[in-house]
Amino acid sequence: MGSPSFVQRHAEQLFHTLGPVYDRLTDHELWRAQNARLMERATERLGRPPHAVLDVGCGTGVGTLAMAAALPPTARVTGLDLTPAMIERERHYHRARGADPRVRFVVGDATCTGFATGSFDTVVGNSVLYLVPDAPSVLRELARVL
C-alpha cells in the first residue's frame, strides 16, 4: 500500500476547519433525497426496511438524519465520524431540527469502531474510503459490524 495522502494524514484537522463548507455541500434537498434513496435500496436488498444503520464518515449529519426519516419508527441510525468538530456540528444540526431519538452520533475510527460484531444490518459510507489511509482495514471492520 502507498503512503497516505495529505488529506488522509490531515483529515481530522481539515474537517475541523472545513465544517461550515461541508455544511454547504450537504445541507440541501438533493443530498437528503440521495440518502433517503439509499434506504430504499437497502430495503430492496434486505427484503425489509433496515433496523440498524451505520453511517460511516457521516460529516455534519444531514444524510444520517435523512436516512432515519426514510425508515420506520423502529429503526435506529448511528452516525460515526473521526472528527470531534464534525460530530459537534452534527449534534447542533440535529438539535436545531428537532432531535430524533432513533439517531445517535459517535466520534470514532472506522478501522476500530468499538461496535459489537453484527450490530448493523446496513452500513453506508458516502465519500469516505478515499480519506482513510488503510481502506482494507476499514472494510474489514465494517464487514465485522455488518
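Over residues 4-8 of this predicted model, pLDDT stays under 50, and for that stretch the model has 10 contacts beyond four places in sequence. Where pLDDT is low, the predicted coordinates should not be read in detail, and a little caution is welcome there. For the protein chain as a whole, the mean pLDDT is 83, with 80% of the residues reaching 70 or more.

The secondary structure of the protein chain consists of six helices and four strands. Read from the N terminus, the order of these elements is α-α-α-β-α-β-α-β-β-α. Of the 146 residues in the chain, 43% are buried. Among contacts with a separation of 6 or more, 77% are between residues 24 or more positions apart.

Five of its five residues are buried, so E1 is largely enclosed by the rest of the structure. Ala52, Leu54 and Val56 point one way from the strand, while Val53 and Asp55 point the other way. E1 is joined by five bridges to strand E2 (residues 76-81), and the two run parallel. Within this pairing, Gly79 of E2 stands opposite Asp55. Between E1 and E2 the chain passes through helix H4 (residues 62-69), giving a β-α-β crossover that is right-handed. E1 also runs parallel to strand E4 (residues 122-124), to which three bridges join it. Here Leu54 has Val123 as its bridge partner.

Attention can now turn to the nonpolar interior. In soluble globular proteins, nonpolar side chains tend to be buried together. The largest nonpolar core in this model has 16 residues, and those with the most contacts inside it are Met39, Val53, Leu71, Val77, Val103 and Phe105. Two or more residues each are supplied to this core by helix H3 (29-46), H4, helix H5 (84-96) and strand E3 (103-107). H4 provides the largest share, with four residues.

An α-helix has 3.6 residues a turn, so residues three or four places apart point the same way.

A last stop is Ala99, which lies in the loop between H5 and E3. Ala99 is exposed, with a relative accessible area of 55%, over the 50% cut-off for that class. Although 34 residues separate Ala99 from Leu65 in sequence, their C-alpha atoms are 9.4 Å apart in space.

Technical notes
Residues numbered from 1 in each chain as written. Heavy atoms only, no water. Buried < 20%, exposed > 50% of the residue type's maximum accessible area, 1.4 Å probe, protein only. Pairing = 2+ DSSP bridges. Right-handed = clockwise from strand over helix to strand, strands pointing away. pLDDT = per-residue confidence, 0-100. Contact = heavy atoms within 4.5 Å. Core = buried A, V, L, I, M, F, W, Y, C linked by side-chain atoms within 4.5 Å.
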